[in-house]
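Morning, everyone. Please have a look at the structure on the screen. I will start with the rings.

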Amino acid sequence: MKTIYRAGVRPAAMLAATVLLAGSAFAQTAPAIDKDDIGGIVTGPKGPEAGVWVIAETRDLPVRYIKIVVTDDQGRYVIPDLPKASYNVWVRGYGLVDSAKLKSEPGKIVNHKAVPAPNETAAAQYYPGIYWYSMMTIPGKDQFGGKSDIPKKITQTRWLNVMKSNGCVGCHQLGQLSTRTIPKFHLGNGNHEEAWVNRIQSGQSGGSMVRLVGNTLNGTAIKYLADWTQRIARGELPHAKPQRPQGVERNIVVTLRDWMNEKQYLHDLIASDRRNPTVNANGPLYGSPEYSSDNVPVLDPVKNAQSFIRLATTPDTAEALGPGHAAGKEAVGPSAYWGNEKIWDTKGNNHNSMLDEKGRVWMAATGHPGANPDFCKKGSDLPSAKAVPLNKSNRRLAMYDPKTKKYTAYQTCFQTHHLQFGYDRNNTLWTSGGQDVVGWLNTKMLDEGGDIKKAQGWSPFVLDINGNGKLDEYTGFKDKPDAKKDRRIKVKFYAVMPNPADGSVWGTFRSYPGSVVRYDPASGLSELYNVPKPGFGPRGGDIDSKGVVWVSLASGHLGSFDRSKCKAPLNGPKATGNHCPEGWAFHKYPGPGFKGIGDNSAESSYYSWVDQHNTFGLGKDVPMSTGNLNDGLIALKDGRMVTLRVPYPLGFYAKGFDGRIDDAKAGWKGRGLWTTNGDRTPWLIEGGKGTKPLAAHFQLRGSPLDK
């Protein structure tokens, strides 16, 4: 019996297009749709296919456009609000292989026949990367502590920290088809160990990969990487299987648009002002190309078109590549995709951006040579320079004003990496970036007076060792501790998180086992809170409206730290990092773990973000993380992990995300999350060479059939 209807079937109020299931008296009515929707029913040999994805893709628009929905428990689907174009529409789901691609257009009912996978090998090709990466063998504890070639200082958890989000998975998804297999270009005589040695030298990040694997781990990771890909080449399959989307996961609508180009990548994007997500409603999105380019891409989600802003730099500004950076001027070794071609060439080096209340785009970027102005250095009358002179900065602050089309690169003294606006009257922009200081810019003062010297400041991190509640004379990093003096600590903010509850500023410290750090602008004092077991390896983090910090951990957890739960004194001689383990809680990410090391998740989340304004629809203050091996984002709602998965193209990898409310009165249609496929090598995603980075818009309907 036919189960695929002509694309021309069009319901009015709702024509009764039905499917009669083979061997059953069950007749299913197609869902109601509008003229800009595509809907229908997905059936398989045993009946309705619940929890599978229906994908609509077109290249008729200025950028490639993809929209993805999930079927309900009766196999019905509605792909809403499609721009006028011709689409390929097909079904993908766990336990299936892709169905036939049917040509259609908005306003049509298109029913699909799902295709069961002929075997487990075929089915596994659609699993997220975590299911494949968890097949990696982790050295047993008997291999550490000087008992093998693994460096003596490397413990099993330090090994995991490097092989996960604070190392290998900090730049790429591992486990998708492109990384779990070896290109013939590298494989040579078939030796997987030699192939991995060649592979990690590829491209302009080859130096970083070689240092990580070759120096930090003494090359010992090569044999485990080789064993992993060799077992897969011989036909071994993942030891776990994913389940289809459940509950609210079936209400997710994902819209993807091509962005940037096929050779250069996007680190992330910004859509609105974190403090007021209605800013820039329906406006352009601004990408961050980091090391890849000085062309900042701008995406218009209404017109589905992109343009570019060029980062202006002085003629004597050097490339932001080479020593001191995470990318080189030239490729260390040839790439299987681009050979020895130099594809990254930035000077401005825009790592990420933030919008202010006026819709201006503030960037962690530079426009000048690395040497700082004299007012940053020793001998300056600037209070911050007197405390900590700064001679050099590789990345500073810049601002683009969409109204005037003017781009300004400022000579801030402190180095920048991430940035976030505070909740104070000065619209203070806080930054991370290194140099063992926290930096800030009083944007109100800058707007009023234009004096970049007076508007900026920075401070060291100092613990209140004597416990008197004020900043006193302090000992330095290498000085002998003195109980009568405060103590400067050697930490660096990675994520930066202004606290809306009390005005403090928090940051993550990417050490081992790692920490979160609190800086109080009022007193100039800091507090340090180390990550206790079973957690380790913080990377990106964010804070909720009550002041609870949420952190992506390499241990496979979303960690939370609540300072209000601390029992011991927060300052004094014993408040040096290990004094509040009770403030921590750990929430294991979804997905399988590595075998032989206890209960764990192989998830290697890059960054976390808190939805302070319910921009997505799961609720106020819901913490979310990038699911870098889970092909999407992960939210923690009422103690349950909710996966916002991108099933096509496989290999989606985000580095940061933002929420925006385009129309508060439009329900789910006026809200959503924005992120990018931020993998440094976008050609490793499904589709291969020629594939471009993606902008992703996640929305949450009330039901799978809302239109």
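There are 28 aromatic pairs in this predicted structure. A pair here means rings of Phe, Tyr or Trp (its six-membered ring) with centres within 6.5 Å; planes under 30 degrees apart are stacked, over 60 edge-to-face, and the rest tilted. Take tryptophan 159 and tyrosine 224. Their ring centres are 5.5 Å apart and their planes are at 80°, so this pair is edge-to-face. It links distant parts of the chain: tryptophan 159 sits in helix H3 (residues 156–163), tyrosine 224 in helix H8 (residues 221–233), 65 residues apart. Helices are DSSP runs of H or I, at least four residues, and strands are runs of E, at least two, numbered from the N terminus. Both tryptophan 159 and tyrosine 224 are buried, meaning under 20% relative accessible area (1.4 Å probe, protein chains only), with exposed over 50% and partly exposed in between.

Next, tryptophan 338 and tryptophan 683. They are edge-to-face too, 5.6 Å centre to centre with 85° between the planes. Both are buried. One lies in the loop between strands E18 and E19, the other in the loop between E43 and E44, so the pair ties together parts 345 residues apart in sequence.

There is also a cluster. Trp506, Tyr529, Phe561, Trp584 and Phe586 form one aromatic group.

Now some housekeeping. Residues are numbered from 1 along each chain as its sequence is written, and side-chain values use heavy atoms, without hydrogens or water. The model is predicted, so local features need pLDDT of at least 70 and side-chain atom pairs 80 or more, while totals for chains, interfaces and linings use all residues.
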